[in-house]
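Have a look at the model first, and then I'll walk you through the ring contacts.

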Amino acid sequence: MAELGSKGVTAGKIASNVQKKLTRAQEKVLQKLGKADETKDEQFEQCVQNFNKQLSEGTRLQKDLRTYLASVKAMHEASKKLTECLQEVYEPDWPGRDDTNKIAENNDLLWTDFHQKLVDQALLTMDTYLGQFPDIKSRIAKRGRKLVDYDSARHHFEALQTAKKKDETKIAKAEEELVKAQKVFEEMNVDLQEELPSLWNSRVGFYVNTFQSIAGLEENFHKEMSKLNQNLHDVLLGLDKQYSGNAFPVKAQPSDSTPAKANKSPSPPPDGTPITSPENKTVNHELEPSTLEAPGASIPKSPSQPAEAARAGAEAAGSEAAAGAEASKTEADSGSSSLPAVVVETFPATVNGTVEGGASSERADMPPGFLFKVQAMHDYTATDTDELQLKAGDVVLVIPFENPEEQDEGWLMGVKESDWIQHKELDQCRGVFPENFTERVQ
């Protein structure tokens, strides 16, 4: 029987709660339709808006503070790895070895202390500050429900009073319910009316204390870290003085990027080899002391001239040099000149800074206009669609430019040998590349 009674109470309570929800829902619908008035409190609504704003700002600050602490921890780990690396490379017989170990230890302790104090003086305070918001938010929601109950009881009482057929018993009960609902609502309303403005004003002091703590901790941390860095600097300075005669010069590494095509200049290769453009290349031959160079023996050609013009110039130069040599020999034989015989040295014509001659450039297994082969000595990253992407070891078949005026100083046109063998197609495979990244192999 007791169990049934208990179940009866529980069932009755559930039924009462269900009835309250239905009554509130009905009251809200009537209010939205304008068929029932709603109790308004603009001052309280402003307090609720401030509360929501304060909660949003506090939640964001908590999130950003946690991110900041994660960054401090990451910096601690990175700093620890860096100091460990220094300890590993620092030779045992170098001066200051013990000092570097002590500096590394203090560095680790300083980071650990900084992180822990940030947690204690900022993050925990932040958590405590935000810990009061859930309860207040729940009470604000409950106040809203009690306000609907109060309005519903008020409307019910007013309806019974204005009814044509009045039932005094029902009116008395409705009035009793109205007084009870009003009392519950006003008690909650008064408490919140006092707490919300106070909570809103407390944010100023909280922000001041939080950021003052963070700023103070950072200031002390950086002061102590500065001292450690100065100590490390002094230790390394002593090491430098002892081994100053063994200084190793560090050369700057070139960039893989190249300027735009309108004014293209090749990048220096990674090994520091100076740039040599096709226009500035010369043939350096060591002559015997008794030999002289005949005039017109070599004719420097611009890389913009086609191979045929270069060969024609070379042949003309060779003919002129041969004629001069013959004339000199005749004069020497006739005794009309006291000058020694001139030894004529002729050079083959150059195109794009390379010597032509030997095998024909129009071999059947090579692309049209093939000049010579080069091999990439360094990787080259293409920066435009008309450039070749090179890897060290790639073989490139050099061909002339379709329009010689488009050739920039220090650049060659070609197709990678692997692409030519596979596709036999120039339009899709050819491109320009910096000459100083390659060397001639054939």
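Let's start with phenylalanine 185, which is buried at 8% relative accessibility; buried means under 20% relative accessible area, exposed over 50%, partly exposed in between, with a 1.4 Å probe and protein chains only. Quick caveat: this is a predicted model, so local features need pLDDT of at least 70 and side-chain atom pairs count only at pLDDT 80 or more, while totals for chains, interfaces and linings use all residues. Residues are numbered from 1 along each chain as its sequence is written, and side-chain values use heavy atoms, leaving out hydrogens and water.

So, ring pairs. Rings of Phe, Tyr and Trp (its six-membered ring) pair if their centres lie within 6.5 Å; planes under 30 degrees apart are stacked, over 60 edge-to-face, the rest tilted. That rule gives 11 aromatic pairs. Take phenylalanine 114 and phenylalanine 221: their centres are 4.4 Å apart with planes at 15°, so they're stacked. Phenylalanine 114 is in helix H3 (residues 97–131) and phenylalanine 221 in helix H5 (residues 168–242), 107 residues apart; helices here are DSSP runs of H or I, at least four residues, numbered from the N terminus. Phenylalanine 221 is buried too, at 5%.

Back to phenylalanine 185: its ring stacks with tyrosine 150, centres 6.0 Å apart and planes at 10°. Tyrosine 150 is in helix H4 (residues 133–162) and phenylalanine 185 in helix H5, so the pair ties together parts 35 residues apart in sequence.

There's also a cluster, where ring pairs link Phe51, Tyr129, Phe133, Phe206 and Tyr207.

Methods. Helices (H or I, at least four residues) and strands (E, at least two) are DSSP runs, numbered from the N terminus.
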